[in-house]
Protein chains: 2
Amino acid sequence: MRINENAESTLNKLLDDIRKNSDKMLGYPLNKKFDYSALYPFLSYTINNAGDPYELSSLGTNTMAIERSVLNFFADLFNAPEGNWWGYVNHGGSEGNLYGLYLARECYPKGIVYYCESAHYSAQKNIRLLNLPSVVIKAQANGEIDYDDLNEAVRVNRHLPVIIFATAGTTMTEARDDVDTIQAILKELRITNKYIHVDAALSGMIYPFLESRPRFAFETGIDSISVSGHKFLGSPLPCGVVISKKSNRDRIAEKIPYIDSVDATIAGSRNGITPLILWYAIQSLKEEGAHEYVQKCIEVAKYAEQKLKEIGIPAWRNPNAITVVLPTPPRKICKTWQLAVQNDIAHLITMPDVNKEKIDAFVIDLEKELIPVEC
Amino acid sequence: MRINENAESTLNKLLDDIRKNSDKMLGYPLNKKFDYSALYPFLSYTINNAGDPYELSSLGTNTMAIERSVLNFFADLFNAPEGNWWGYVNHGGSEGNLYGLYLARECYPKGIVYYCESAHYSAQKNIRLLNLPSVVIKAQANGEIDYDDLNEAVRVNRHLPVIIFATAGTTMTEARDDVDTIQAILKELRITNKYIHVDAALSGMIYPFLESRPRFAFETGIDSISVSGHKFLGSPLPCGVVISKKSNRDRIAEKIPYIDSVDATIAGSRNGITPLILWYAIQSLKEEGAHEYVQKCIEVAKYAEQKLKEIGIPAWRNPNAITVVLPTPPRKICKTWQLAVQNDIAHLITMPDVNKEKIDAFVIDLEKELIPVEC
C-alpha cells in the first residue's frame with residue numbers, strides 16, 4: 001500500500017496536532033498512560049469477534065478466548081451472580097447502556113425508565129432509540145439522584161414496571177446514585193416488576209479498588225452494568241464491557257433462531273483488538289497493583305482541590321472522586337486544557353497520567369487569567 | 001506497562017493461531033491485503049471522535065477532519081444529493097443499517113419494514129431493537145428479492161408508510177435488489193410515504209468500479225446507504241460508513257437540544273482510528289487504480305467458478321459477483337477454509353488477497369475429499 005506525498009504530510013501534521021492536544025488534556029476521563037505496542041502484530045490480521053463470545057465461531061481470526069477472560073475479570077469485580085451472568089466487550093459505555101435498557105424493555109415492554117438529570121446523555125439517546133417512555137428525576141446539588149423526587153415519580157406510576165437507569169460516577173461531578181436507597185423506595189412502594197441498570201462508565205474501574213468499596217454493583221440486586229474500557233484503563237480505541245444477568249440476556253438470545261449461531265449482541269462484526277487491549281491493561285494493572293494505582297489518582301485529586309482553593313477557587317469533590325469541580329474558568333483556559341463544561345461548572349479529572357506537576361502548571365495558567373495584570 | 005511471562009506466552013500462541021487461520025480463509029468477505037503500520041504512531045493517543053463529525057469538538061485528540069474526507073469520498077461514490085447529505089464513520093455495516101432504519105422510523109413512526117429473507121441478519125436484529133413491524137419477503141433463487149411477493153405484501157398495507165430495507169450484495173450470494181423496480185412497484189401502488197435504505201456492506205465498494213456501474217445508490221432515490229469498511233478495503237478493526245439525506249438526519253438531531261453539541265450518531269465515544277484506516281486505504285486505492293483492483297477480484301472469481309465446474313461442482317455466480325456459490329462441501333473443508341454455510345449452500349469470496357494459487361489449493365483440497373480413496 002502506498003500513499004502520495006501530500007497524503008503523508010496531512011498525516012504527519014495531524015499526528016503533531018494530536019500530540020500537542022493530548023499533552024494538555026485535563027477535562028476528559030481518558031487515561032493517556034498506556035503502551036500497547038506489544039499488540040501491534042495483531043493489526044496485520046482481519047480480527048473479528050462477530051457474534052456471541054460464548055458461542056463457537058467459524059471465523060478463525062477471533063480473540064474470543066481473551067474476551068471471555070476480560071469478562072471474567074469484570075464479572076468478578078462487579079460481584080456478578082455465579083453461574084448466572086453473561087456479557088460482551090463492546091464499543092463503549094453508550095453501547096453498554098443501550099444494551100442494558102434493551103434488556104430492560106424486553107423484560108418489561110410496558111416499563112417506564114427513571115433516570116436522573118445528571119445521567120450521561122446516552123441515557124436519553126438510547127431511550128429514544130428504544131422507543132421507551134421515561135421520567136427525568138431531579139439531581140441533588142452534588143449530582144446524585146434526588147430520592148424524594150424518585151419516590152414521588154414512581155408513586156404515581158405504581159401500576160407500571162419500573163426501569164431504573166442509575167449512575168456510578170456521573171459525567172460532571174462523579175456522583176453515585178445509591179442503589180440500596182433506590183431499592184428501599186421500590187420495596188416501600190411494593191414494586192416487584194423492576195429492572196435496574198447501572199452506568200458505571202468511569203467508576204466501575206475505581207470503586208472496587210477503594211479502601212472501602214461502596215455497594216454499587218450486583219451485590220445491590222441490579223440487573224446489568226456497563227463500564228468503559230478506554231476511560232480508566234486507557235485505550236486508543238473506545239471500548240467497554242457490559243455484564244448482565246444471564247437470565248435477562250436469554251430473553252433476547254432465544255428469540256432469534258434465524259441465525260446459525262446465537263447472537264445476543266447489538267453489533268454484527270465486533271472489534272477483536274479491544275478485548276486484547278483490555279486484557280493487556282488488566283494484566284499490567286495486576287502487576288502494578290490496582291489499589292495503589294487508584295489511590296494515587298485520588299491523592300492527585302485532593303492535591304488539585306487544595307491548590308485551587310489556595311488561589312481562591314471554590315473547588316470541591318464528591319467522596320473518593322477523582323473529578324474536581326470548579327466554577328467555569330475563562331474560555332481560554334477551558335479550551336487549552338480541554339475542560340468539560342456544563343453551564344456554570346467545569347471539571348478536571350486526575351486520571352492516572354495526571355501528576356502534581358501538571359496540576360501546578362494548570363493552576364499557574366488559571367491564576368494568570370484571574371489576576372488582573374498590573375500596568 | 002508490563003505483563004508476566006504466562007500472559008506473554010498466551011499472547012504469542014494466540015497470534016500464531018490467528019496467523020494460521022488467516023492464511024486459509026476463503027468464506028468471509030474480509031480483505032486481508034493491507035498494511036497500516038504507518039498509522040501505528042496514532043495508537044499512542046486516546047483518539048476519540050465523540051459526537052457529530054460536522055460539529056466542533058472540545059476534545060483535541062480527534063480525527064474528524066480525516067473522517068469528513070472519508071465521508072466526502074463515499075458521498076461522491078454513492079451519488080449523494082449535493083448539499084443535502086450527512087454521514088459518519090461507524091463500527092460496521094450493522095450499525096449503519098441500524099442508523100438507516102432508525103431514521104426511517106423517525107420519519108414514519110407508523111411504517112412497516114419490508115425486507116427479503118436473504119437480507120443480512122442485522123435487518124431483523126435492528127428491527128427488533130427499534131420495535132418496528134416488518135414483513136419478510138421471499139427471495140428468488142439467486143438471492144434477489146421477489147418483486148411479485150413485495151408487490152403483494154405492500155398492496156395489502158397500502159394505508160401505511162413503506163420502509164424498504166434493500167440489499168446491494170446479499171451475504172450468501174451477492175445478489176442485488178433492484179431499487180428501480182422497487183420504486184416502480186411503489187409508484188404503481190401510489191405509495192408516497194416511503195423510505196428506502198440500502199445495505200451495501202460489500203458491494204458498495206465494488207459496484208462503483210465496475211465497467212458498467214449498476215444503479216443502486218442515491219441515483220435511484222434512496223434515503224440512506226450503509227457500507228462496511230473492513231470488508232473490501234480491509235481493516236484489522238470492523239468499521240463502516242453510513243450516508244443519509246441530511247434532511248432525514250436533521251429530524252433526529254433537532255430533537256436533542258439537551259446536549260451541548262448536536263449529536264445525531266448512535267454511539268457516544270467514537271473510534272478515531274478507523275477513519276484513518278479508511279482514509280489510508282482510499283488514498284492507496286487511488287494510487288493503485290480502483291477499477292483494476294475490482295477487475296482482478298472478478299477475474300479470480302470467474303477462475304474459481306470455472307475450476308470448480310471442472311471437477312464437477314455446480315458452482316455459480318451472480319453477474320459481476322466475487323462470491324462463488326457451491327453446494328455445501330464436507331464439513332472438514334468448510335472448517336479449514338472457513339467457508340460461510342447456509343443450509344445446503346456455501347460460498348467462497350475472492351477478496352483482493354485471494355489469488356489463483358489459493359483457489360488451486362482449495363480445489364485440490366476439495367477434490368481429495370470428494371473422490372473416494374482407492375485401497
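Which residues in H12(B) are buried? In H12(B), the buried residues are Lys358(B), Ile359(B), Phe362(B), Val363(B) and Leu366(B), where buried means under 20% relative accessible area, exposed over 50%, and partly exposed in between (1.4 Å probe, protein chains only).

This is a predicted model, in which local features need a pLDDT of at least 70, side-chain atom pairs count only at pLDDT 80 or more, and totals for chains, interfaces and linings use all residues. Residues are numbered from 1 along each chain as its sequence is written, chains are lettered from A and ligands numbered from 1 in the order in which they are written, and side-chain values use heavy atoms, with hydrogens and water left out.

Chain A has an average pLDDT (the predictor's confidence in each residue, from 0 to 100) of 93, and 97% of its residues score at least 70. For the complex, the predictor gives an ipTM of 0.94 and a pTM of 0.95.

**Helix H12 of chain B**

Helices (H or I, at least four residues) and strands (E, at least two) are DSSP runs, numbered from the N terminus. Seen down the axis, the buried residues of H12(B) fall within an arc of 135 degrees, so they line one face of the helix; the arc is that of the directions from the helix axis to the C-beta atoms. The face turned away from this buried side carries the exposed residues Glu357(B) and Lys368(B). The cover over the buried residues includes H1, H10, S8, H11 and S10 of chain B.

Most residues other than glycine have a negative phi.

| Residue | Phi | Relative accessible area |
|---|---|---|
| Asn79(A) | near 55 degrees | 38%, partly exposed |
| Asn320(B) | near 60 degrees | 37%, partly exposed |

Asn79(A) is found in the loop between H2 and S1 of chain A, while Asn320(B) lies in the loop between H10 and S8 of chain B.

**The nonpolar core**

A nonpolar core is a set of buried Ala, Val, Leu, Ile, Met, Phe, Trp, Tyr and Cys residues joined through side-chain atoms within 4.5 Å. In the largest, of 202 residues, Phe74(A), Ile243(A), Phe74(B) and Ile243(B) touch the most other members. Apart from this core lies another, of 52 residues, among them Val242(A) and Ala119(B).

Technical notes: Contact means heavy atoms within 4.5 Å.
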